[in-house]
Amino acid sequence: MSTLVVVGAQWGDEGKGKVVDVLAERADLVARFAGGNNAGHTLVVEGKQIITHLVPSGCTYPGTQCVLGAGMVIDPEVLEQEVASLRAMDLLRNDELRVSLDAHVVFPYHRQLDGLREDRAGDGRKIGTTRRGVGPAYEAKAARRGVRVRDLLDEQALRERLLKNKDALEPELERLGLATLDVDALVERGRGWGERLRPVVCDAGALCHDAITAGKRVLFEGAQGALLDVDHGTYPYVTSSNSVAGGVCTGIGIGPTAIDRVWGITKAYTTRVGRGPFPTRMTGADGDRLREAGAEFGATTGRPRDCGWLDLPALAHSARLSGMTGLCVTKIDVLAELPTVQICESYEDGVVPGVDSLEVAVPRLRTLEGWGDPSVVDGLRSATSRADLPGVVRAYLDLIEDQVGVSVALVSVGPDRSQTLRLADPF
Ligand code: IMP
């Protein structure tokens, strides 16, 4: 077994950064396959916090190669800043970063469009995007006028693409009160990015394929979560790429037969930022309490996340969409700070995720024995095996496994690497 895909099983922010960071310890190569700097991974290494938006979480291990795949959209300015700050921490040395020639480029006008569209949309029509230009960059890609990393290395191709974008976007830019594209200035800027990226560009599919063939351990790091997938999520309140595990094949350029395992990350409860259905969302003081307990504020935008109980039907749906073979349950310690714990086992009126819109789902909640006893937290922190976990926590994990039909492979009981209970081997 040499390949593992790790994806979010909810609406993003499941703690993928920490889990991938822990799992990357044993990986030779970590590759991202979708999304852009709409993602934000918070890593805590020896008490130091690191937030990455584009570079995969493998960046903290010397010698581990970090690859950005063709399915991503990359804002070169953000990438340059991120690489500079990682290098200042003596991370991501030498030739550890590789960028696909076929990844698409996010330009400043994508960011402006993203933000202004959100500002101008009526209240009922906002998506609540991260305003990083990710949607407009994928839109250009689908319209076959996107600028790829390879186009930054070819002035004529770059100018042609930008002229196409100028034509296509002019009416909207004018309507939004934005200046039209200054193609000459953008070509200059784009060429500068291209020259600085030149030493790290690659065919990411071939690179991953060769690593797999050589028996190396390859970890594919998802961004966002399955329920934000453009095809399978809560459309239109989704991101613009494929965040389910299948996105690896197109987003990297490898076949499905190359994937050995798929682990899905879920919080022990649920959060969501941006608009869209969220059946177990808690409003009022209960939601505030969970948000404070779990420090639920976005790593990318700082927005407060909506909080709710764990939604097992939605999780089972995600597990099916990605063919999950293991579950990683994060932030389970946070629930110990609440007087009671609830969990959604099904929805009223037989609503089924995937068949019915989650917009209409009313959760049936089961109330579990409270975890308030401080010995539960102590028990969580000191556990070195599943049997060591406090009884209420073991029962919670059993319930998840029973309903979702996937075994728990890892439990995270705090932000630090050391606060991790590993129950199965990733590779
Ligand atoms: P976009 O990806 O910026 O276009 O945003 C579309 C939707 O996806 C919004 O609801 C965002 O809040 C959500 N989203 C995008 N990336 C993330 C993420 O990394 N975590 C959580 N939500 C995200």
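D13 sits in the loop that joins β1 (3-8) to α1 (16-24). Please keep in mind that this is a predicted model. The backbone of D13 deserves attention: its phi is positive, about 65 degrees, although D13 is not a glycine.

Which residues come nearest to the ligand, of the 16 around it? They are D13, N38, T130, T239 and R303. For three of these, I can give a distance to a polar side-chain atom. In D13, such an atom lies 3.0 Å from a nitrogen atom of the ligand. On its own, the ligand has 470 Å² of accessible area, and the protein covers 97% of it. As for the composition of the shell around the ligand, six residues are nonpolar, eight are polar and two are charged.

The peptide bond from Y235 to P236 is cis, with omega near 5 degrees. P236 belongs to the loop between β10 (218-221) and α8 (247-253).

Finally, I come to the helix packing. Helix α3 (residues 108-120) packs with helix α5 (residues 155-175) at an angle of about 25 degrees, and their axes are 12 Å apart. Because of that angle, α3 is roughly parallel to α5. The crossing in which α3 passes α5 is left-handed.

Definitions and conventions: Residues numbered from 1 in each chain as written. Predicted model: local features only at pLDDT ≥ 70, side-chain atom pairs only at ≥ 80, totals over all residues. Heavy atoms only, no water. Near = heavy atom within 4 Å. Polar contact = N/O pair within 3.5 Å; in protein donor to acceptor, adjacent residues only side chain to side chain. Areas by Shrake-Rupley, 256 points an atom, 1.4 Å probe, with all protein chains shown as cover. Nonpolar A, V, L, I, M, F, W, Y, C, P; charged D, E, K, R; others polar. Axes fitted to C-alpha atoms, helices over the stretch in contact; angles between N-to-C directions. Helix = DSSP H or I, 4+ residues; strand = E, 2+ residues; numbered from the N terminus. Parallel < 35°, antiparallel > 145°, perpendicular 65-115°, else oblique. Left-handed = near helix turned anticlockwise from the far one by under 90°.
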